[in-house]
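Trainee: I would like to learn how to read an annotated site and a chain contact in a structure. Could we go through them step by step?

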There are 4 protein chains.
Amino acid sequence: MEIEIATIGGYEEVGRQMTAVRAGEDIVVFDMGLNLSKVLIHDNIQTEGMHSLDLIDMGAIPDDRIMADLEGDVQAIVPTHGHLDHIGAISKLAHRYDAPVVSTPFTNALVEEEFDDEEKFGDSNELITMDPGESMIVGDHGLELEFVNVTHSIIGAINPVLHTPEGAIVYGLDKRMDHSPVLGDPIDMKRFREIGREGEGVLCYIEDCTNANKQGRTPSEAVAREQLKDVMYSLEDYDGGIVATTFSSHISRVTSLVEFAKDIGRQPVLLGRSMEKYSGAAERLGFVDFPDDLGMFGYRRSIDQSFERIMNDGKENFLPVVTGHQGEPRAMLTRMARGETNYDLDDGDKVLFSARVIPEPTNEGQRYQAEKLLGMQGARVYSDIHVSGHLRQEGHYEMLDALQPQHVIPAHQEMSGFAGYVELASDRGYTMDRDLHVTSNGNILQLV
Amino acid sequence: MEIEIATIGGYEEVGRQMTAVRAGEDIVVFDMGLNLSKVLIHDNIQTEGMHSLDLIDMGAIPDDRIMADLEGDVQAIVPTHGHLDHIGAISKLAHRYDAPVVSTPFTNALVEEEFDDEEKFGDSNELITMDPGESMIVGDHGLELEFVNVTHSIIGAINPVLHTPEGAIVYGLDKRMDHSPVLGDPIDMKRFREIGREGEGVLCYIEDCTNANKQGRTPSEAVAREQLKDVMYSLEDYDGGIVATTFSSHISRVTSLVEFAKDIGRQPVLLGRSMEKYSGAAERLGFVDFPDDLGMFGYRRSIDQSFERIMNDGKENFLPVVTGHQGEPRAMLTRMARGETNYDLDDGDKVLFSARVIPEPTNEGQRYQAEKLLGMQGARVYSDIHVSGHLRQEGHYEMLDALQPQHVIPAHQEMSGFAGYVELASDRGYTMDRDLHVTSNGNILQLV
Amino acid sequence: MEIEIATIGGYEEVGRQMTAVRAGEDIVVFDMGLNLSKVLIHDNIQTEGMHSLDLIDMGAIPDDRIMADLEGDVQAIVPTHGHLDHIGAISKLAHRYDAPVVSTPFTNALVEEEFDDEEKFGDSNELITMDPGESMIVGDHGLELEFVNVTHSIIGAINPVLHTPEGAIVYGLDKRMDHSPVLGDPIDMKRFREIGREGEGVLCYIEDCTNANKQGRTPSEAVAREQLKDVMYSLEDYDGGIVATTFSSHISRVTSLVEFAKDIGRQPVLLGRSMEKYSGAAERLGFVDFPDDLGMFGYRRSIDQSFERIMNDGKENFLPVVTGHQGEPRAMLTRMARGETNYDLDDGDKVLFSARVIPEPTNEGQRYQAEKLLGMQGARVYSDIHVSGHLRQEGHYEMLDALQPQHVIPAHQEMSGFAGYVELASDRGYTMDRDLHVTSNGNILQLV
Amino acid sequence: MEIEIATIGGYEEVGRQMTAVRAGEDIVVFDMGLNLSKVLIHDNIQTEGMHSLDLIDMGAIPDDRIMADLEGDVQAIVPTHGHLDHIGAISKLAHRYDAPVVSTPFTNALVEEEFDDEEKFGDSNELITMDPGESMIVGDHGLELEFVNVTHSIIGAINPVLHTPEGAIVYGLDKRMDHSPVLGDPIDMKRFREIGREGEGVLCYIEDCTNANKQGRTPSEAVAREQLKDVMYSLEDYDGGIVATTFSSHISRVTSLVEFAKDIGRQPVLLGRSMEKYSGAAERLGFVDFPDDLGMFGYRRSIDQSFERIMNDGKENFLPVVTGHQGEPRAMLTRMARGETNYDLDDGDKVLFSARVIPEPTNEGQRYQAEKLLGMQGARVYSDIHVSGHLRQEGHYEMLDALQPQHVIPAHQEMSGFAGYVELASDRGYTMDRDLHVTSNGNILQLV
């Protein structure tokens with residue numbers, strides 16, 4: 001059976017991921033993501049009403065025109081998890097294919113919201129949910145699609161495996177190797193090891209190289225939780241305002257914030273549109289069991305009311321968990337820093353960034369400015385209470401050891417980001433241009 | 001009563017700490033430390049036989065000749081803890097003063113070893129031990145010396161407080177604010193708050209500024225422990241060699257290494273001269289309860305035998321904990337990396353650095369080289385499994401809040417390292433040249 | 001005679017410089033500057049109509065209320081050169097003092113524009129010009145004010161020297177040691193050496209520490225010129241668009257750009273409001289002799305017309321020299337990058353930044369974004385064609401050697417920026433708190 | 001005709017360059033270099049007596065065993081210039097091939113010294129010299145080898161071009177684009193442009209990517225010369241010791257040092273083994289015309305005598321130009337810094353590093369230590385008086401524009417160093433895996 005891999009997007013950047021695997025006459029597409037930075041560099045662009053081709057020209061979504069060169073039918077579109085760089089183009093591109101979107105329940109809930117927000121295109125694709133650990137047949141030629149449970153900075157993350165007669169294709173984006181996650185199950189290394197040894201083994205492994213230049217092991221979420229606990233418990237006696245911010249989609253972190261707020265005698269409140277969206281979805285689907293009295297407010301008016309109540313009741317009794325961890329100009333925390341809300345920051349109040357600064361100059365500038373403005377109001381900043389959701393080198397080492405793939409393709413980075421992975425894989429016996437494929441967007445690799 | 005503070009050493013560097021406080025006719029000296037880097041830059045220098053003045057000229061030990069300008073008698077020499085930059089000059093300088101050395105039991109045990117190693121001078125000073133939380137009268141004029149328990153990267157650390165009629169002098173070197181240390185009691189913030197409010201309050205606070213340019217809070221040792229646990233548990237299934245290194249004097253870290261080794265089915269062994277020295281002392285004094293079968297070997301021959309046994313019994317059953325965390329050319333780990341021991345590193349073996357690289361180019365070069373050599377033997381490196389032992393900005397903020405000192409003196413850094421502290425203290429209302437004293441080695445400050 | 005120095009602004013930042021020297025009953029004020037970054041962090045603030053106290057509260061201009069503590073009369077306000085951090089507060093503060101503004105002709109022309117733009121306060125101060133190398137008596141007690149010629153990144157820069165019976169006060173902001181400037185005379189080191197040795201010598205030297213942490217010597221403008229020549233000559237054969245940007249006030253750099261443009265067969269055109277302002281003033285006052293056909297356009301409409309003409313005549317015949325070297329969002333180059341002008345950037349067109357990025361995150365973010373946008377239009381970027389206008393360590397070494405001052409005061413930086421200077425001065429025998437005064441805004445130092 | 005390119009060494013590092021081109025039955029080898037860092041990491045290794053295979057195993061010299069897979073005969077070995085990373089393996093590998101070494105006169109002189117120093121192998125290869133701008137036929141099938149003059153940090157550098165019926169193969173290592181070199185002719189861009197347009201054009205271009213991640217243009221040697229002049233002229237009045245160091249092989253820099261020494265009234269003296277070797281060769285071959293009285297001393301005893309004479313005659317009359325620009329432990333400058341020579345450094349003496357620190361931690365550590373030791377003797381350090389010898393991005397842009405190659409192969413870096421080049425080439429329309437070949441050591445690329 002012929003096996004081809006089309007590296008459509010996310011092979012020259014972190015963002016707009018999309019990869020297609022053709023096995024015989026059937027094609028499965030993994031991810032359809034958005035590169036948000038390509039949108040934000042322009043002033044005042046609203047993507048909801050934009051046409052796909054314009055977004056392709058901007059480099060914001062994958063250029064899927066190369067799909068025409070793959071001779072087969074798309075049988076499934078498989079987002080690995082609900083981050084925008086993996087699902088953010090789905091409402092722009094999926095309608096072109098007569099195929100269902102298959103993902104885990106939490107991811108599918110977020111995909112659905114993407115379709116709801118879309119203004120230009122309809123949502124003609126069926127949504128199918130499948131749990132981690134389960135499999136299904138795709139197409140009419142017996143290809144099996146399996147979801148292996150992985151751990152990432154969002155719940156519901158899986159690594160899809162396409163079982164072909166020539167061996168398994170393991171699409172390894174995005175994960176870290178977490179044996180003690182705060183929510184959900186540990187990464188299923190046992191299953192990866194089995195896949196590496198059963199049948200024809202692994203034909204090809206596509207790897208998340210975000211942190212491939214970083215030594216050692218990405219710590220577990222348990223470490224971030226301990227770090228957060230240490231900070232929050234140290235503030236137990238503080239009788240003024242404490243505000244926290246984190247990635248809205250990082251449900252386990254939000255959970256820890258909520259728990260520790262309770263522990264130190266404060267009522268947590270989630271504020272901001274995306275805070276409500278992600279935590280609301282997680283709660284509705286039963287992935288998290290927040291306290292009954294936990295407030296979540298996404299709309300301006302309800303947020304305003306919430307802040308008013310906090311100020312009236314005494315802000316020393318609350319922990320607002322808000323958007324704005326990167327200092328985004330219009331996010332909640334930045335507005336608080338500019339004094340645009342009715343939450344008053346006083347001298348000595350604490351602001352917790354349970355996130356790290358995404359290392360890009362525009363972003364660093366905005367974050368710096370937000371911290372400066374917070375400082376001008378007297379706030380004390382605790383930052384970097386965080387661990388990454390992506391494997392470092394020793395995780396890559398273990399994955400190669402578990403899967404023993406015939407071919408590896410580094411992804412989810414640009415060339416300089418692949419360097420650490422190439423060095424590692426070369427040490428493990430892989431050779432560039434033979435079984436180690438450093439490639440770019442828009443190529444088709446023939447494996448069999 | 002006249003109060004003067006002589007900033008003798010450690011006000012232009014991290015290293016060779018020494019400060020004297022004169023209250024009326026009595027003087028108390030805090031710390032007599034060594035700046036090891038000033039020794040190591042010269043080839044083949046042995047300090048044991050050197051004269052004080054030569055070491056002073058090299059900038060290696062404090063220039064205590066300014067003591068002649070203080071009109072009073074030294075009543076006590078008080079090392080705060082057992083790190084070399086606080087006790088390393090004691091065998092060179094203490095004999096000049098007719099005064100006892102007063103410190104906690106663990107610190108005193110290490111001071112005693114300093115005197116034992118000394119070849120040039122005798123040890124005429126009496127050694128007095130006092131536990132954290134206790135006090136004693138020094139001199140004949142009613143001055144009270146109190147030891148407040150603090151948390152640092154070594155056990156037995158205290159902050160000495162000299163109670164004078166004009167208020168307390170709090171000598172704040174070295175500490176972090178740890179509420180969940182692995183060994184010993186949490187930092188005694190309650191007592192600091194009392195001292196800040198009782199009697200005349202705090203006349204002067206001398207602060208450990210090592211991390212004063214770093215935002216946020218230094219995590220607790222519990223965080224480092226969780227991080228270490230995460231790494232070690234992730235290696236539970238590895239059936240080859242694992243080697244760890246850390247600061248020999250960091251007994252709580254060594255304890256965690258020993259415990260987790262047992263947890264993952266390996267026998268820990270401590271190897272290297274300083275490993276034996278510090279852990280041996282901690283065990284003898286009852287500060288730690290190591291497993292009965294824990295081997296500690298300091299001499300070359302016993303180390304060789306130990307390695308032989310490890311290789312014979314199967315290195316997959318052991319965790320050697322060795323010296324060499326900074327890549328020091330003659331330390332155990334570097335020798336292993338060069339193939340100079342009979343421990344064979346194989347492809348895939350793991351080396352854990354539970355330490356961070358001290359940021360100085362010579363040091364970074366050596367550490368880099370050690371890692372390169374380890375890599376050439378196939379070893380996989382996990383580094384930075386560590387948290388600092390020094391306060392960051394929010395710790396400084398809390399200390400100022402607790403003590404409310406009339407005067408503050410930043411110490412344990414060079415000028416650029418004081419910058420963050422000066423900014424913080426200025427925000428809290430202190431003013432340079434009035435009550436915030438940025439100074440240098442060799443000055444005398446008259447407070448009353 | 002009593003001598004006091006009030007360190008009013010610019011001792012905790014680069015920006016809002018102001019220092020007052022009282023000698024007996026007479027006071028001379030050096031510089032009244034603006035810290036623009038404190039304005040820009042707020043959205044949409046126009047300083048022209050703002051009250052001084054509001055600007056003081058923002059930290060934008062010096063807090064001169066400490067002047068009340070100096071017992072004497074202000075006899076002169078002396079801006080050293082025309083950069084905003086030295087003259088930008090003059091229209092807000094000078095009217096409070098019954099004293100003339102004394103500066104060199106070019107500086108005075110720029111001060112006059114400051115007064116013209118002011119909307120809140122009048123301009124009651126007399127403007128007196130004095131050339132480098134000249135002196136005048138200030139006040140009625142025989143104090144002599146001398147202007148020593150120095151070299152900086154703007155023409156007309158001097159170091160004022162106040163000769164008192166107790167020795168000279170040399171105000172050393174801002175300069176580099178340039179023996180081959182492109183415009184004007186070399187730095188007058190001979191005169192500095194004389195001042196160091198005549199009469200009572202130098203009582204106090206206030207030093208420009210901008211680059212005090214940088215090793216070696218700041219290169220001459222001749223080096224930047226050679227670098228610029230190398231870039232521009234290498235583009236001689238390019239037949240598309242070339243655009244350059246630099247500091248508008250950097251007349252010698254603009255001169256080099258104009259000359260080399262001619263050399264490679266292009267017509268230079270200066271575009272942007274501040275380009276016209278500074279170059280126009282320099283030409284009117286005869287400090288530079290631009291080609292007769294050099295266009296300078298500051299207003300939107302004339303700039304638009306100019307771009308139209310360039311596009312019609314063929315952009316390969318022109319070198320637009322525009323504002324926007326830091327990627328400022330509303331500057332000309334950024335507008336070109338966003339496609340908001342009618343100058344079309346084509347694939348391969350060259351953009352020359354004859355400036356370095358000011359190292360502050362907000363700024364770095366904006367500059368990065370400007371370059372990204374230029375790149376999206378196909379432009380090729382040449383950056384850092386520049387040398388700094390401020391002394392490095394070896395310049396400081398030479399100044400100390402020339403002046404041999406009794407007291408030194410580092411200025412024009414924050415604490416961490418003083419570190420290199422303190423180390424250098426300590427090596428030269430100065431001692432903190434005795435004759436080396438690291439201070440902050442708002443202090444008064446009594447020298448005699 | 002079949003065309004194959006074997007990327008033997010220097011495609012995963014800067015160092016041990018070696019590339020073979022097979023055109024039909026004939027093979028030409030470009031460069032045989034040494035990666036010195038792979039030797040130095042081991043203690044006390046002398047390469048002179050070592051076998052090739054041991055050096056290959058260490059990663060020190062190219063693994064040329066892949067040559068067996070090329071079906072043809074080696075007709076020429078062509079070193080591009082005399083740096084060790086291009087000729088340092090020639091005495092270990094060339095004897096295996098029955099082919100002459102063809103290079104420019106200066107390069108050949110250095111190759112000859114390599115053969116002379118070799119202790120293990122004989123030198124059976126004929127040495128043929130060819131000047132830049134000339135051509136010769138290699139093999140019996142009409143292949144033409146041309147030397148195009150380029151500019152680099154050593155004299156005698158060329159880019160060899162192999163003219164085949166399928167187009168030219170241009171081997172582009174190492175160069176910068178210098179139109180105003182201090183010695184020799186400018187880079188021959190005219191010829192490159194011709195080659196790009198004549199006959200079949202350029203089939204393949206192999207590019208020097210050392211600086212491919214750096215924006216803009218590498219300045220000409222004229223800029224480094226101006227910078228050096230600025231520093232040295234500024235020291236004209238200094239009446240103590242001045243010492244300079246630079247790359248021994250950088251004859252144009254040495255020339256500038258010699259000239260400016262004369263200009264400021266000092267007698268230059270070249271000291272150190274490699275100083276004598278390179279400058280001696282350059283002078284003998286007539287590439288430089290040093291003053292008659294210029295001393296060059298390579299042996300310990302003559303250096304000692306020279307230093308003695310300098311001290312006796314007054315060191316203010318001399319400029320020793322010595323080895324040790326990277327702080328190498330055994331080089332002359334480091335020995336001076338340790339006080340191991342009889343040249344006394346006094347307080348205020350100047351040390352000029354006309355070189356930049358090679359960015360590798362071991363090296364940075366050594367250099368730092370050398371500077372510290374110099375500082376301990378009172379010396380003042382001027383560093384980075386230098387420009388690189390390698391193209392930056394705009395040079396790469398121009399080369400692509402001139403040659404318009406069908407295929408490009410980035411070389412002389414590791415993967416992360418290629419990133420900037422891949423981005424640039426992709427912008428110019430090249431595509432990974434099609435005509436842009438990012439590869440590794442030990443691959444064979446079939447172009448036709």
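Mentor: Let us begin with a residue and its surroundings. Two residues are in contact if their C-beta atoms, placed from the backbone, lie within 7 Å. Leaving aside neighbours within four places in sequence, His81(A) is in contact with His86(A), Thr107(A), His152(A), Ile154(A), Gly156(A), Ala157(A) and Asp174(A). This is a predicted model, in which local features need pLDDT of at least 70 and side-chain atom pairs count only at pLDDT 80 or more, while totals for chains, interfaces and linings use all residues. Residues are numbered from 1 along each chain as its sequence is written, and chains are lettered from A and ligands numbered from 1 in the order in which they are written.

Trainee: Where does His81(A) lie, and is His81(A) buried or exposed?

Mentor: A residue is buried if 20 or more other C-beta atoms lie within 10 Å of its own, exposed if 12 or fewer, and partly exposed in between. His81(A) has 27 C-beta neighbours inside 10 Å and therefore counts as buried. His81(A) sits in the loop between strand S4 (73-78) and helix H3 (84-87) of chain A, where helices (H or I, at least four residues) and strands (E, at least two) are DSSP runs numbered from the N terminus.

Trainee: At which residues does UniProt place the feature "binding site"?

Mentor: The unreviewed UniProt entry places that feature at His81(A), His83(A), His152(A) and Asp174(A); such positions are given in the numbering used here, feature names are shortened, and annotations may be inferred rather than shown by experiment. Although they span 94 residues in sequence, no two of their C-alpha atoms are more than 10.4 Å apart, so they gather at one spot.

Trainee: Which residues does Asp174(A) touch?

Mentor: Not counting residues up to four places away in sequence, Asp174(A) touches Thr80(A), His81(A), His152(A), Ala157(A), Asp208(A), Gly389(A), His390(A) and His412(A). Asp174(A) is found in the loop between strand S10 (167-172) and helix H6 (189-197) of chain A, and Asp174(A) is buried, with 25 other C-beta atoms within 10 Å.

Trainee: How many residues does the contact take from chain A and from chain B?

Mentor: The contact takes 22 residues from chain A and 22 residues from chain B. On the side of chain A that touches chain B, the elements giving two or more residues are helix H7 (221-234), strand S17 (380-382) and helix H13 (393-403) of chain A, and H7(A) gives the most, with eight residues.
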